[in-house]
Amino acid sequence: MADDPLRLVFLCCHPALSPEAQVALTLRLVCGVPTPDVAAARISFRMPAPAELPEQLDAVRTTIHLLFTTGHTAPSGESLTRVSCAERALELARLLRELVPDSREVRGLLALLPMGHARQATRTDGTGRLLLLSEQDRSRWDRAALAEADELVVSALRGGPPGRFALQVAIAMPHASAPSYEETDWPQILVLYDELAKVWPSPVVALNRTVAVAMVDGPAQALAEVTELEADPRLSGYHYLPAIKADLLRRSGRFAEAAGCYEEALRLTDNEVELAFLAERLAEMRETGSVG
């Protein structure tokens, strides 16, 4: 494992660190903070022996994925994305596949990242305004990246029960292959979310699943499931929870309640592009509610 960035990720994913610390340390080091600045962690910085690689591999995969998501949608700042972080994550995922070419979940991870990155240029318009998936120009999606992902996901899904990264890219594929947003195979996406929830019972997965529920069974059913998720403390402060609930209320014609949820989402959001989108929706709800 001669590549320095990938070595850094394995070092940061030391089992003595909590998952949160592993991610934070990776984000700092891989983005250029010198190693001496984190010396206070008092962790023995040595590379794992070959026999120890499987133990740390899941942490490394998870950390690379979170590095990508940090670049795909920046937690704060003026830009929706941090392209350098997303591209570094792609680089690391490719290096990881060279290290463990037989890992189906590594292939799933490497398929998932270009699948998401293929839409990067179409997620905002010329003024920097956020564009929803239904508004994006699909002809501008990166076809080479989608082809790379398509080839990898086939091998990631073969040979046994799929893992969480393979299932995530399987969920993304119907979006990428549909000629239009209206022609998306939402029933298939919902089935895949049910499978993902079995192997990765995360509240974020459950929340994302409600988007598919709304498209298949209607916003009322999805709203009931989102309301149940509000009791989960792991989603406390997660701004996509009130944002999704606001959209479901909007689609249900409950504009005053939607406005309250958009206000909550605004309080929890730091990315300026997302803030502008939520503020625009809030203004629409207030205007629609007053007219109604």
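1. Let's start with E230, which is partly exposed, with a relative accessible area of 37%. (Buried means under 20% relative accessible area, exposed over 50%, and partly exposed in between, using a 1.4 Å probe and protein chains only.) Please keep in mind that this is a predicted model, where local features need pLDDT of at least 70, side-chain atom pairs count only at pLDDT 80 or more, and totals for chains, interfaces and linings use all residues. Residues are numbered from 1 along each chain as its sequence is written, and side-chain values use heavy atoms, leaving out hydrogens and water.

2. Which residue does E230 meet in a salt bridge? The partner is K245, at 3.0 Å from N to O. (A salt bridge is a side-chain nitrogen of Lys or Arg within 4 Å of a carboxyl oxygen of Asp or Glu.) E230 sits in the loop between α10 (219-229) and α11 (240-251) while K245 belongs to helix α11, so the pair ties together parts 15 residues apart in sequence. K245 is buried, at 15%.

3. Now look at helix α8 (residues 186-199), where K198 and E195 are three residues apart, about one helical turn. (Helices are DSSP runs of H or I with at least four residues, strands are runs of E with at least two, and both are numbered from the N terminus.) These two form a salt bridge with the closest N and O atoms 3.1 Å apart. K198 is exposed at 61%, and E195 is partly exposed at 33%.

4. D232 and R234 also pair up in a salt bridge, at 2.8 Å from N to O. D232 is buried at 17%, whereas R234 is exposed at 57%.
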